[in-house]
Protein chains: 2
Amino acid sequence: MSKIRIGIVGYGNLGRGVELALSLTDDMQLIGVFSRRDPATVQLADSSVPVHPYSAIDDFRDQIDVLILCGGSKDDLPEQGPALAAHFNTVDSFDTHARVPEYFAAMDAAARSGGNVAVISVGWDPGLFSLNRLYGEAILPKGETYTFWGKGLSQGHSDAVRRVPGVKAGVQYTLPSEPAIERVRSGSRPTLSTREKHRRECFVVLEEGADAAQVEQAIVTMPNYFADFDTTVTFLSEAELREQHSAMPHGGFVIRSGLTGADQSTNQVVEFALKLDSNPEFTASVLVAYARAASRLAGQGQQGAYSPLEIAPALISPKSPEQLRKELL
Amino acid sequence: MSKIRIGIVGYGNLGRGVELALSLTDDMQLIGVFSRRDPATVQLADSSVPVHPYSAIDDFRDQIDVLILCGGSKDDLPEQGPALAAHFNTVDSFDTHARVPEYFAAMDAAARSGGNVAVISVGWDPGLFSLNRLYGEAILPKGETYTFWGKGLSQGHSDAVRRVPGVKAGVQYTLPSEPAIERVRSGSRPTLSTREKHRRECFVVLEEGADAAQVEQAIVTMPNYFADFDTTVTFLSEAELREQHSAMPHGGFVIRSGLTGADQSTNQVVEFALKLDSNPEFTASVLVAYARAASRLAGQGQQGAYSPLEIAPALISPKSPEQLRKELL
């Protein structure tokens, strides 16, 4: 059987994760990486894979089955996504929740115009967490769904810390509250405040001569980002930050706590949890599995946009439905 | 919109659970229950729903959209399933793992002969656990999948306990080993023996004059059932058994521990866990959600057998794909 031919658009942490995830599959091959940077400056993990300028991508229409889009949701995907979906089957990790309907519509129209398949919002949230919210509420219609995030590095909150005057460098971790998770797991359905669900930990390198107390106060009182949370600030050296805080862990929990039975008095708790040592490598692994689904849907003659919610699970596995039923049911 | 018209075949714990689960939906209605017992002796939760003899079921072909089959996998489904799938859309919880391919083939042929849809092996294992094994291995191809069951009442093992001479009544619980789960959660990928993964707890009422030590010895050394496990036996009175051990809790864990990255050194752990206060009520809730999918697949003109692995998640939700994307992505 011929392999599914993949192109990667954008080579940051996510693009690199996709390259590595593809190397763990037997049924997919990486044809090339497309970058807006000077291709000579893009160093792949596998130096035998060619890097092409993004501007030349249309020349590769006949050589690529699925493009995996590894750009950002804010600036890259809204523009690149529809332009590429008109000419290629695509998979992306669009994650701006409020703009999903609009992006889906744009990708659907573009993909249909070219007879292609576009799979959007692939990853873990949105993505696997969305799937678990769906299974939970469909199976247990009476109940509550809870999402907790972390422990994980938050890019947006780390940026906010770094904008505080006196901060030279820093990172922020979001941590789920273990007591809150235990309450939810127990089958109670508490109403939890923002402060009760998560706390925040900041690790900060001060500028020469900056006032630690002032910096800490500026962080913990920052509206929207920290004021509603219990936040701790730890100061450390630049070397310590580099050594101890360079990884990109993340994860979280989706818990559906439902009720069944004659008087709706039977507790049923469904939990999905991720503990990821690398957020981009995991998201990349999900993208690669759904690239397989995109290729199959296109092979069936399907067209238009999809999210993981509308894709049969068997389509993401390299195994046949027969083999999956025999091994996994 | 007209409601999906449901019939229940078989009214034991599972059938009753289905009746109760249907009452929590807004888009489905129970048309009737079909039983091989004398209908006058079958007491439903809602006495306004008619009970019909199983032998008359073919008369209801035009009044029922989906039949939910609540018989057992050993004796009932292999015979009833294909007979009914020839005339109705069906959903069942067939769970004899080794016979799934054979049952799927029989249901597929029967359903196609009548232009119907048959969804098999719906529940949590097989079912939701199977789905999570699939997502786990497709996303993290390098890794190990672990399944732990319990704490839960095991019907087969309880029957084995009750067959021991001197035992008047009793139940058996399967318990997952917490230390083993913690090792797997940590990202290590241990090889675990049967004894390391689960232990067993028996609660036994002795016959008048039976020798407790002898009964305990007979249980803990029983081949296949108990000899390979750490098993405890607790003796109690018939009243205590009834008061403390009448519920049917169950649950368990599916954990995929995978590796990503350049040298496959990044740990990624995906966990799915169920804590069910009533096993039959939860299985019934899954059946009802997949009855919705069966009705939709049939409405699209699909035919033949399906398992949850081949069914797009959105099909089990009462919400539209647009609403699901807006709310859950």
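Which residues does A:Thr231 touch, not counting residues up to four places away in sequence? In this predicted model, A:Thr231 touches A:Arg200, A:Cys202, A:Ile219, A:Val220 and A:Phe226, where contact means heavy atoms within 4.5 Å. Residues are numbered from 1 along each chain as its sequence is written, while chains are lettered from A and ligands numbered from 1 in the order in which they are written. Local features need pLDDT of at least 70, side-chain atom pairs count only at pLDDT 80 or more, and totals for chains, interfaces and linings use all residues; side-chain values use heavy atoms, with hydrogens and water left out.

A:Thr231 itself sits in strand β11 (residues 230–235) of chain A. Helices (H or I, at least four residues) and strands (E, at least two) are DSSP runs, numbered from the N terminus. With a relative accessibility of 15%, A:Thr231 counts as buried; the cut-offs are under 20% relative accessible area for buried and over 50% for exposed, with partly exposed in between (1.4 Å probe, protein chains only). A:Arg195 is 36 residues from A:Thr231 in sequence and 9.6 Å from A:Thr231 in space, C-alpha to C-alpha. A:Arg195 belongs to helix α7 (residues 194–197) of chain A and, at 40% relative accessibility, counts as partly exposed. Leaving aside residues up to four places away in sequence, A:Arg195 touches A:Ala227, A:Asp228, A:Phe229 and A:Asp230.

Turning to the sheets, six strands form an open sheet in the order β7(A)-β12(A)-β13(A)-β13(B)-β12(B)-β7(B), with antiparallel pairing; two strands pair if DSSP finds at least two bridges between them. At the edges stand β7 (143–149) of chain A and β7 (143–149) of chain B, each with a single partner strand, so one side of each is left without a neighbour in the sheet. From one strand to the next the twist averages 10°. Within chain B, strand β12 (residues 250–260) and strand β13 (residues 266–276) run antiparallel and are joined by 11 bridges, with B:His250 opposite B:Leu276 in β13(B). Helix α4(A) packs on this sheet, touching β7, β12 (250–260) and β13 of chain A together with β13 of chain B, and its direction makes about 5° with that of β12(A). Such axes are lines fitted to C-alpha atoms, for helices over the stretch in contact, and angles run from 0 to 180 degrees between N-to-C directions. Helix α10 (residues 279–299) of chain A lies across β12 and β13 of both chain A and chain B, running at about 70° to β13(B).

Another open sheet is found in chain B, where four strands follow the order β8-β9-β10-β11 with mixed pairing. Its edges are β8 (152–153) and β11 (230–235) of chain B, each with a single partner strand, so one side of each is left without a neighbour in the sheet. Strands β9 (residues 167–176) and β10 (residues 198–206) of chain B pair in the antiparallel sense over nine bridges, and the bridge partner of B:Thr174 in β10(B) is B:Arg200. Helix α5 (residues 155–162) of chain B packs on the sheet and touches β8, β9 and β10 of chain B, its direction making about 145° with that of β9(B).

Parallel pairing is also present in chain B: strand β1 (residues 4–9) and β2(B) pair in the parallel sense over six bridges. B:Arg5 stands opposite B:Gln29 in β2(B). Seven of the eight residues of strand β2 (residues 28–35) of chain B are buried, so β2(B) is largely enclosed by the rest of the structure. β2(B) also pairs in the parallel sense with strand β3 (residues 51–53) of chain B, over three bridges, and B:His52 in β3(B) is the bridge partner of B:Phe34.

A:Pro126 lies in the loop between β6 (117–119) and α4 of chain A and, at 8% relative accessibility, counts as buried. Its contacts, not counting residues up to four places away in sequence, are A:Phe94, A:Asp95, A:Ser121 and B:Leu329. A:Pro126 and A:His97 are 29 residues apart in sequence and 7.8 Å apart in space, C-alpha to C-alpha.
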